[in-house]
Number of protein chains: 2
Amino acid sequence: MTATNQLWRLARYPEGLPTTEDLVFEEGPLAPLGEGEVRIRICYISIDPANRLWIRPEGSYIPPFPLGSVMPAACIGVVHESSHPRYQPGDWVQGIWGWQDFVTLPGGPEDRQLPMEEGGILHLPEPPPGSDYLDFFGLFGVHGLTAFFGMTDVGKVKPGDTVLISAAAGAIGSLATQIARNLGCRVVGLAGGPEKCAKVVEQFGADACIDYKSDDIREKLSVLAPNGVDVYFDNVGGEILEAAIDNMAHHGRIVFCGAISQYNDSDARGPANYMKLLYKQIELKGFLVFTYMDRMEEAVETLAGWKASGELHMELEVRYGIDNCLGAFHSLFDGSNRGKLVMCLNESGEP
Amino acid sequence: MTATNQLWRLARYPEGLPTTEDLVFEEGPLAPLGEGEVRIRICYISIDPANRLWIRPEGSYIPPFPLGSVMPAACIGVVHESSHPRYQPGDWVQGIWGWQDFVTLPGGPEDRQLPMEEGGILHLPEPPPGSDYLDFFGLFGVHGLTAFFGMTDVGKVKPGDTVLISAAAGAIGSLATQIARNLGCRVVGLAGGPEKCAKVVEQFGADACIDYKSDDIREKLSVLAPNGVDVYFDNVGGEILEAAIDNMAHHGRIVFCGAISQYNDSDARGPANYMKLLYKQIELKGFLVFTYMDRMEEAVETLAGWKASGELHMELEVRYGIDNCLGAFHSLFDGSNRGKLVMCLNESGEP
């Protein structure tokens, strides 16, 4: 049995991008397992923009994680040791356990239903044929459900709608792009750089992709969406949101899924052209996937069908080593990641 | 027949509150009536915050009125002279004719359906018993329909909802307050000064009213809406919107009806706490009453019923004289008006 744990501890709430003074890498011994406890070896850590919101001292959609916590993140792991009857060594489980090798938790009388709950442990089912456990992070997890319900329930897309998607090469955006296309929409993506833009069109099936780093977004949109954007699926906020609002159709819908441009900024702000939401009678709706957790099966059935028919895939960028978590996290904010970021804690690449 | 017309001409697009250099008062002769033309003597001019949006050079929900136009506003008048068979002297009509004594227009083959259309002439029906022509500005006009559909269709209020209404002593806000109360909601108003606040509670039936000039809005709201605001009917934008967002319930709705605090400001901005729309999964929807014009009868039936039973009334502040239009308009923005503002162009107070 491993006697040490490596982890990243939240020592200070970051201003802007977290540094090694905010998140401190530590190594320490593991205490012997207590009565009724479970020790999980973490195999995969999901590196997501939303994690940044969880360590804002003013809170976000959840209260801030307290100083001294392990840097929080969604994880998938295998039960390593257990003195609780519900958990057997080798069981696959998920939860919000953070950037560390091992987590040790009291086993509850039943699986907790909310993976967002701190300390919760949820057993994973067998992956559907052709899928693996990592798909529970992406396609069948919060990313897939966010893209699916954001597009259908919040955005209320109809065949023929012109749909604009920011961060279209990203984890959620790439799924949203494929889902909108599968639902018969005309899809325009937004991504940074020619490589990502090519991928959005060629791999994810958008009709066009605007390079926000080099294109004039408003000019491009006026050509690509001459009758206006019916649905804007927003992951970024800021100036790109403003350009989208300028090009929305009357009675358009904005799916407010995220605003990564604002996450490191304590001085976040709403769009300067806010008045146009009135002029064009636009509906803007914030949503969190947790609202839809009880409709998970409905989404997974459709998503798994598309996966099986080759109409939906999720690109993963797997990196290795617990010590590389912070660098991986930074790459989300400078746009250098390629696909959904996952840390794999076994250097061999196997769980 | 009167040989002269007095009017206010848009000489320059205002920055901030319009001055007499932006809107110039003029008097000039009336040309003889041409073939097929109608001359209308304007009896009442509706003085509304939205008029300010119509003279923003960048446009709003309509293109800007061109320089040289008469200052635009909704009017009710009586046909004075006509050489068109559809219009007889003495007919009551309405349209967007602006701040002037007389308007002379070509008569069309039929009434135009959109009163927003420049140059349109719409015949008015007989007012319902107990009502008069002025009610077509207020209760049965854009104000009543805005409050009604804003509260029902956009805000989707349910009995028991906590509803917050800004400018609750104003033309639309006072109607929205009464409508929400009539629909079984708990209503909290926002108004400036003790006199207006008393009116919102005593005359319009709100459960409470916050004085935004002297109260700490956030503190008051935390007491008056301890479980959060379900529906915020916003007429003002700016800091009051931000305070409302801070106190919204999860899954709350914001009815974006107007943002008077921003109308004189070319540097308008969205709420600084925009991110909370995501965290609390709030729906914010801009709407214009013109979208609902084809459902006018549905609203008027309900509104007239409430008026007849004494559950709905509209306070009018009638001022006199075409030369006082600009002063009346200013009072909308410094909060000194009392009720919906109407200019009556006959000093006797009779049409």
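Through which surface do the copies, chain A and chain B, meet? Of the interface residues of chain B, 100% are also interface residues in chain A, so the copies meet through the same surface.

This is a predicted model, in which local features need pLDDT of at least 70, side-chain atom pairs count only at pLDDT 80 or more, and totals for chains, interfaces and linings use all residues. Residues are numbered from 1 along each chain as its sequence is written, and side-chain values use heavy atoms, with hydrogens and water left out.

Chain B can be laid on chain A by a turn of 180 degrees and a shift of 0.0 Å along the axis, the superposition being by least squares on the C-alpha atoms of residues with pLDDT of at least 70 in both. The RMSD is 0.0 Å. The two copies are thus related as by a two-fold rotation axis. In chain B, the C-alpha nearest the axis belongs to G270(B), at 2.1 Å.

| Chain B with chain A | Value |
|---|---|
| Residues of chain B in contact (heavy atoms within 4.5 Å) | 33 residues |
| Buried area (accessible area, 1.4 Å probe, lost on being put together, summed over both) | about 2800 Å² |
| Salt bridges (side-chain nitrogen of Lys or Arg within 4 Å of a carboxyl oxygen of Asp or Glu) | zero salt bridges |

Carbon and sulfur atoms give 65% of the area buried between the chains. Y274(B), L278(B) and Y279(B) supply 26% of the area that chain B buries against chain A, more than any other three residues.

Within β13(B), K285(B) stands opposite E283(A).

Definitions and conventions: Chains are lettered from A and ligands numbered from 1 in the order in which they are written. Buried area is the accessible area (1.4 Å probe) that two parts lose on being put together, summed over both. Two strands pair if DSSP finds at least two bridges between them. Helices (H or I, at least four residues) and strands (E, at least two) are DSSP runs, numbered from the N terminus.
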